[in-house]
Amino acid sequence: MNAAAPLDDLNYPEVGASTRLAAPLPAGYNHLRHRALLGHGRAALDAAGTAVLDWRMHRAAGVRITTDADRAARGVAVQCAIGIGPLRAGAPCRVVWSTTEEGEPDRYGFTYGTRRGHLAVGEETFVVELAPDGAVWFTVNAFSRPRRWYARLAGPLLPLAQHLFARRCARALTHLATRATRAAR
């Protein structure tokens, strides 16, 4: 998809607000900022970053995901399925930003925002980056709030689930980064 890909099916107005990792997140939402050290060096960065962009991080964290592209890029439609069996809920999203458009050699990542039909409104950014000291960091930056009445009934369980998902993603990426670092030696 190109930079002109339509984003008109998103269900919130603050599109792109979570992409600026150090900026304040919009008011009126639950906020999530999670940062985890994944490893050190280029091999760890490339392994973890590629896993973020090609959806392996999501799958390794236990999310069923279908997309209309093999890699995250602006405009790509994403359908996440969370839950178990008949309690599984679809979560339609669309990628609103990706480092693939910016050509950043020391940074991989993307942001997806919720589309009509999602239980919530908001967006989530996933970034893997190489620090000047060689450390590889994973950051999740998100804002969201329940949209459906039954999601609102869950109260604090939804932000807790989002935090647990961020931690599962970090564990999956740490495993991939560790394997890549060992293989590079």
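Which residue follows H1, with a positive phi? I started my notebook there: Trp55 comes after H1, and its phi is near 75 degrees.

**Ground rules**

I am working on a predicted model, where local features need pLDDT of at least 70, side-chain atom pairs count only at pLDDT 80 or more, and totals for chains, interfaces and linings use all residues. Residues are numbered from 1 along each chain as its sequence is written, and side-chain values use heavy atoms, with hydrogens and water left out.

**Entry: the overall layout**

I looked up the secondary structure and found four helices and seven strands in the protein chain. Helices (H or I, at least four residues) and strands (E, at least two) are DSSP runs, numbered from the N terminus. Along the sequence I read the pattern β-α-α-β-β-β-β-β-β-α-α.

Next I checked burial, where buried means under 20% relative accessible area, exposed over 50%, and partly exposed in between (1.4 Å probe, protein chains only). Of the 185 residues in the protein chain, 49% are buried. The chain exposes about 9,100 Å², with 57% of it supplied by carbon and sulfur atoms; accessible areas come from the Shrake-Rupley method with a 1.4 Å probe, and for residues only the protein chains shown count as cover.

I also looked at contacts (heavy atoms within 4.5 Å). Among those between residues at least 6 apart in sequence, 59% join residues at least 24 apart.

H1 covers residues 42–53, 12 residues in total, and reaches 16 Å from its first C-alpha to its last. That is close to the expected 16 Å, the expected span being 1.5 Å times one less than the number of residues. I noted its buried residues: Ala44, Leu45, Ala47, Ala48, Gly49, Ala51, Val52 and Leu53. A reminder to myself: an α-helix has 3.6 residues a turn, so residues three or four places apart point the same way.

Gly41 lies in the loop between S1 and H1. Its relative accessible area is 24%, so I logged Gly41 as partly exposed. Not counting residues up to four places away in sequence, Gly41 touches Leu130, Gly134 and Val136. Its C-alpha is 8.9 Å from that of Asp133, 92 residues apart along the chain.

**Entry: the cores**

A nonpolar core is a set of buried Ala, Val, Leu, Ile, Met, Phe, Trp, Tyr and Cys residues joined through side-chain atoms within 4.5 Å. The largest one here has 38 residues, and those with the most contacts inside it are Val78, Phe110, Tyr112, Phe126, Val128, Phe138 and Leu173. At least two residues of this core come from each of S1, H1, S3 (77–82), S4 (89–98), S5 (107–114), S6, S7 and H4. H4 gives the largest share, seven residues. A second, separate core of 11 residues includes Leu7, Ala17, Val96 and Trp97.

I then picked out Val78: beyond residues up to four places away in sequence, Val78 touches Trp55, Ile65, Thr66, Thr67, Ala91, Pro92, Cys93, Val95, Tyr112 and Arg115.

**Entry: rings**

How many aromatic pairs does a search of the whole structure find? I got seven. Rings of Phe, Tyr and Trp (its six-membered ring) pair if their centres lie within 6.5 Å; planes under 30 degrees apart count as stacked, over 60 as edge-to-face and the rest as tilted.

Tyr12 and Phe143 make an edge-to-face pair, 5.9 Å centre to centre with 75 degrees between the planes. Tyr12 lies in the segment before S1 (30–40) and Phe143 in S7 (residues 135–146), so the pair ties together parts 131 residues apart in sequence. Both Tyr12 and Phe143 are buried.

Phe126 and Phe165 are also edge-to-face, at 6.3 Å centre to centre and 90 degrees between the planes. This pair links S6 (residues 120–130) to H4 (residues 157–184), 39 residues apart. Ring pairs also join Trp55, Phe110, Tyr112, Phe126 and Phe165 into a cluster, which brings me back to the Trp55 that follows H1.

**Entry: Cys169**

Where does Cys169 sit? It is in helix H4. Cys169 has 0% relative accessibility and therefore counts as buried. Aside from neighbours within four places in sequence, Cys169 is in contact with Met57, Ala61 and Phe138. The C-alpha atoms of Cys169 and Ala61 are separated by 5.3 Å, though these residues are 108 apart along the chain.
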